[in-house]
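Let's work through a few exercises together, one step at a time. Keep the sequence and the 3D view open while you read.

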Amino acid sequence: MKEGTEEKLKQRNIKPTAMRMLVYDVLNKNKKAVSLVEIERELGDVDRSTVFRTLRTFQDNLLIHSVDDGSGAVKYALCDDDCTCAIDDQHIHFLCTVCGQTYCLKELPIPDLNLPEGFTFESANFVVKGVCAGCRR
Ligand SMILES: [Zn+2]
Ligand SMILES: [Zn+2]
């Protein structure tokens, strides 16, 4: 178990149960967004609905954000410590068409949206597709 997992969960007001710490560690280990099935595969013998509920709790507490990259499976990635998932904290995601991995491009915020009068922003799903640096080599 990586040090600091408990603190990270507590920081987001999440009670650090054994399952939650395991799921957090999978997300933390992966430097990309992972799907429910991938998390399940890494954890081995776990109940899918428990993992799903855990992800729900994480998302409700802004510990993670979800990405719909159009691949059919929703993927999840850790948020930065100071993330509030507001428009300024949201970023572009990159789906590699070769390896199928989805990356958080945290240094690339979603473009300023000039929404029409009366419209308010809640969330954006900005996915760029291409070939990642690892597959380009
Ligand atoms: Zn790739
Ligand atoms: Zn992301």
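The exercises below go from a metal site to strands, a helix and the cores.

This is a predicted model, in which local features need pLDDT of at least 70 and side-chain atom pairs count only at pLDDT 80 or more, while totals for chains, interfaces and linings use all residues. Residues are numbered from 1 along each chain as its sequence is written, chains are lettered from A and ligands numbered from 1 in the order in which they are written, and side-chain values use heavy atoms, with hydrogens and water left out.

**Exercise 1. Find the residues that coordinate the zinc ion (ligand 2) and name the geometry of the site.**

Step 1: Look for donors, meaning N, O and S atoms within 2.8 Å of the metal (3.2 Å for Na, K and Ca); water is not among the atoms, so sites may look incomplete. At 2.0 to 2.2 Å you will find NE2 of His65, His91 and His93, together with SG of Cys104.

Step 2: Check the angles. Four donors count as tetrahedral if all angles lie between 85 and 135 degrees. Here the angles among the 4 donor atoms run from 101 to 114 degrees, so the site is tetrahedral. For orientation, the ideal angle for four tetrahedral donors is 109.5 degrees.

Step 3: Go back to the sequence, where the donor spacing reads H-x25-H-x1-H-x10-C. Distant parts of the chain are linked here: His65 belongs to strand 2 (residues 64–68) and Cys104 to strand 5 (residues 102–109), 39 residues apart. Strands (E, at least two residues) and helices (H or I, at least four) are DSSP runs, numbered from the N terminus.

**Exercise 2. Is His65 buried or exposed?**

Step 1: Recall the limits: buried is under 20% relative accessible area, exposed is over 50%, and partly exposed lies in between (1.4 Å probe, protein chains only).

Step 2: His65 has 11% relative accessibility, so this residue counts as buried.

**Exercise 3. Which strands pair with strand 4 (residues 91–96), and in what sense?**

Step 1: Two strands pair if DSSP finds at least two bridges between them.

Step 2: With strand 5, strand 4 forms 5 bridges in the antiparallel sense. With strand 6 (residues 127–130), strand 4 has 4 bridges and runs parallel.

Step 3: Follow His93 across the sheet. Its bridge partner in strand 5 is Cys104, and in strand 6 the partner is Val127.

Step 4: Check the cover: 6 of the 6 residues of strand 4 are buried.

**Exercise 4. Where on helix 3 (residues 36–43) do the buried residues lie?**

Step 1: List them: Leu36, Ile39, Glu40 and Leu43.

Step 2: Find their neighbours. They pack against helix 2 (18–29), strand 1 (34–35), helix 4 (48–60) and strand 3 (74–78), where contact means heavy atoms within 4.5 Å.

**Exercise 5. How many residues has the largest nonpolar core?**

Step 1: Such a core is a set of buried Ala, Val, Leu, Ile, Met, Phe, Trp, Tyr and Cys residues joined through side-chain atoms within 4.5 Å.

Step 2: The largest one has 19 residues, and Leu27, Ile39, Leu55 and Phe58 have the most contacts inside it. Helix 2 gives the largest share, 5 residues.

Note on methods. Four donors count as tetrahedral if all angles lie between 85 and 135 degrees; four count as square planar and six as octahedral if opposite donors are over 155 degrees apart and all others between 65 and 115; anything else is irregular.
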